[in-house]
Amino acid sequence: MINQSIKHIIEAMKNNTLLVFVGAGVSKNSGLPTWDEVIEVLKRDLSLGEKDNDYLKIAQFYYDTLGKQKYFEKLDSIFKEYANSQPNELHDHIFKMQPRHLITTNYDTLLEDKMNSGINKYSVIKDDSDIPYTASDRYIIKMHGDFSLKNIVFKENDYLDYEKNFNMTSTLIKSLIMNNTILFLGYSLNDTTFNTIFRIIQNSFDGNAKKAYFYTAEKPKEPVIEYYKNKGIHVLTSGKNSVKGRDIGHETAKFLEGISGKQDESSIDSESLWNNIKFLNKFSFVESIDVAYASNLFKKASLYSIADYSWNMRETPSFNMNSNEEITKFITNKTMIQHYLDFENTKELSFSTNAILEEAFIVYKSGKYSESKRMFRDIANKSFAQKDYINFFIAEFNATRIGVSFLEVPANLSDSVIGDLQFSEVLERIITSESDENRKLAIFFRDIVNSLKFVYRKMLKINSLCDELREERSNYRRGGFSTNGNLYKLQQEFQNFIYFIESNCICIYQYKEFKTIVNKYFEALLTALSNYSYKVEDDDFLKGTSSKLSELSLKDVEMIVPYLDYKLVKVCLENYELEKITISEEALKHIFSTIDNLIENSGTNHRFSEYSIISKYIKFLSFVEILDSESLINLLKSIPLFVQNRDDIRIVLSHIIDNLKKMDGSLVKQIPKVIEGQIKKIFEENLEKTHYTNFTTYSYLLEQIAILDKVEIVIDFDFLDDIFFIIQNKKDRIKDIEHYQSFIVSFYKFLSESTKSKIDSILNKYEALPDEKINYYFVIELILRNVYKFNKAKDPIFNFLITTIKKEKNEAVEVFPDPVKNAVAALFNLLQEGYFNFDEIAKEDIDEEIQGKFPEVDWVLFNDKDDDTITRLLENRTFSEAKEAFSKSKDDEKLFDNWAIKQFNNDRVILKK
């Protein structure tokens, strides 16, 4: 019976359904006092006799007699002596067992310190308030509270009021008792603590709980063993009738060693190996680490890299796996492993996607989150009815966790077939009631997928490798060299991760954890690109590094572009001293073709949630050097225009400007017509309120084409002629011309003579309006952009600007933009254009109002040319730009040069290689 019981405990341990109760006897081996030893101290203080042994009442009597403060002070003083105690060998064995959950009635931290020193992390629950914030699906429940919270269960009232004081904790414990195999360690059958827990088991479940086991070093009398057996608790012992002192811990350690040692028990042939891993075959792709763990060959084999799972010994056992078609087919088709024990996988990597989930997953990736939730829920319900658990697990996981944008219509989800049950509860029920294969599948999904452990462990791995690459880069720049496979490992780890998500259709692309991994991987790739661009002496073999990358591959681009945080890209490029990201020609073609396909598939209905994917690819292009001019022109032709994609248009225009001089003449000639079409679309769709900021870029591109081709460009904007005709001929509509300010200042020079004539006529009438109706900043902008001179308005403009500058400021109110600064800027710009002269301004005595507002004004009008002014001039200019613009004499040039020398002398300059 004992052997059968131990076998059952080991099975529960391996199946992750073992719940261990840890009592004071476990901490006793670390020197901590038992409950009765603490009570003896209280008895002495209370002068109680030896026969007073009702421990609960003694503790209660101490509390009632001396009060709460003295009570806790006394307990603190007792346990303070053991503050430096360390986990003992019993804790070590429990750690090796890695139980699903632990419940302890101890107040010390030895158990939690030991258990959380490994990869698996346990949430420590000390009070009901901890339960909603548990981050792990493994618990250490401090059932009797914690000294730090002053909520310990020790005296009689604590036990009587337990359900009231620990209501949520009690409910959680009952749930865990029902769903897991229980093992009691460190208790006596006579303990009040144990018997309290025993009553919880009996009262709550009336024999329906899973099997429970109680270990005691000293063998109880047979009637006692039989009593507990009839109540569902199997008592296991060392078989010795008398065990005292240290021998109790020694015997307990031997018992636990017989269990914990089985955690490493290996498969003995390919058939037993397949039985261990075949539940993973339900997935479309499996990460190598999970195959290695499920293989259960911990002492005999190791995962040396993602592609290599090999025997550890020189004399390796042969499982003759080439004859096991099920294993070889699984390894070949569903993993990245190329060397699996004595099987060599020579097939090129190629993975299929889950056919049942694929359509819904494609909808999810297209940004239609609401629709994908509906589809996944329908699949989940259908799969559950068919006991197709893998598709139920993934589909329900997705249906539950996909976030819907506020711009989308909420999903009209079918009711879940599991009703009011939580998904986690359904997983637990399948674990406790289904066949071995489905049970293993549910445990794996619970522990690896539903808990997002596969995400967090990858985050740790990618972070670690990224740190390695950064250190390698630093070492390289210090003159060192390195030889390693860190970059290869990084790429393999990330690919493995993406294949698992994509093949199994797991919807986590919206998760910040996933995006963190992508951005960290991208940063690591930039490190390798930076290493490649950093040149050392070719003949010095001691200066080199392994982690070099000449360009991002197609595979890299496919995996990172849709999920990058583009706010961080510019920062990363600066940190790694890269001006542009180099990508392969194949990768660039992929980006353009992907954008084309997305635009074509979206049709005329460009919802922002769907277009955002197109936008991500275009944003990535802003950081890439592009030589494919034809694709750029085609993209400009096809890109849709709507409220939110102004910046994307600018990115494409900027690339065209950069490539203009290298473009074929036939391509250049297409550009004005494309711009004409886009401007027309902007006005037809009423998009000018957002897209007007691109008018300057359109205009600059047309100017460069005119210079390049040495021709005058005329754009036919006849679609506005009717509007201008109405404005021109209706007095009450003259001010409407203000709405077209951005268009006029940007494109006036490219208009036909007839359109210019209409605008000139309107502006002539506008100039004649009463002063109070004129928008002077509209007028000033047209003057500065050489559209119309407004000579008759010169005095009113001057008076308006001077009045604004002199107007007393209300210090209690902050106005943005600052009207005085606007007026100073306009006055200065008109002065520079020769519209006003120095004498006119000097007469107004406004020096105090305008000085200090702009460095340009201080330099030109006040001859203020100190270092501070030069520094301010450089805030929005490069040094060479500022020097060229403001050095009108040799003395000015010398001032700039002296300023630069001071920056070097004060160590304010960093030179980039």
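Reply: Cys-507 counts as buried, at 1% relative accessibility, where buried means under 20% relative accessible area, exposed over 50% and partly exposed in between, computed with a 1.4 Å probe on protein chains only. This is a predicted model, in which local features need pLDDT of at least 70 and side-chain atom pairs count only at pLDDT 80 or more, while totals for chains, interfaces and linings use all residues. Residues are numbered from 1 along each chain as its sequence is written, and side-chain values use heavy atoms, with hydrogens and water left out.

Cys-505 is buried as well, with a relative accessible area of 0%. Its sulfur lies 7.4 Å from the closest cysteine sulfur, that of Cys-507, which is too far for a bond, given that a disulfide is a pair of cysteine sulfur atoms within 2.5 Å.

Salt bridges, by contrast, come to a count of 47, each being a side-chain nitrogen of Lys or Arg within 4 Å of a carboxyl oxygen of Asp or Glu. One of them joins the side chains of Glu-112 and Lys-142, 2.9 Å apart from N to O. Glu-112 belongs to helix H6 (residues 110-115) and Lys-142 to strand S4 (residues 139-142), so this pair ties together parts that are 30 residues apart in sequence; helices (H or I, at least four residues) and strands (E, at least two) are DSSP runs numbered from the N terminus. Both partners are buried, Glu-112 with a relative accessible area of 11% and Lys-142 at 1%. Lys-142 also forms a salt bridge with Asp-146, whose closest N and O atoms are 2.8 Å apart, and Asp-146 is buried at 5%.

An α-helix has 3.6 residues a turn, so residues three or four places apart point the same way. Even so, Lys-254 is partly exposed at 43%, whereas Glu-251 counts as buried at 7%. Elsewhere, salt bridges that share partners join Arg-100, Glu-428, Arg-446 and Asp-447 into one network.

Turning to the strands, six of the seven residues of S6 (residues 212-218) are buried, so this strand is largely enclosed by the rest of the structure. S6 pairs with strand S5 (residues 181-185) in the parallel sense over three bridges, where pairing requires that DSSP finds at least two bridges between the strands; within this pairing, Ile-182 has Ala-212 of S6 as its bridge partner. Six bridges join S6 to strand S7 (residues 233-240), again in parallel, with Glu-218 standing opposite Lys-240 of S7. From S6 the chain crosses through helix H11 (residues 222-230) to S7 in a right-handed β-α-β crossover, meaning that, with the strands pointing away from the viewer, the path from the first strand over the helix to the second runs clockwise.
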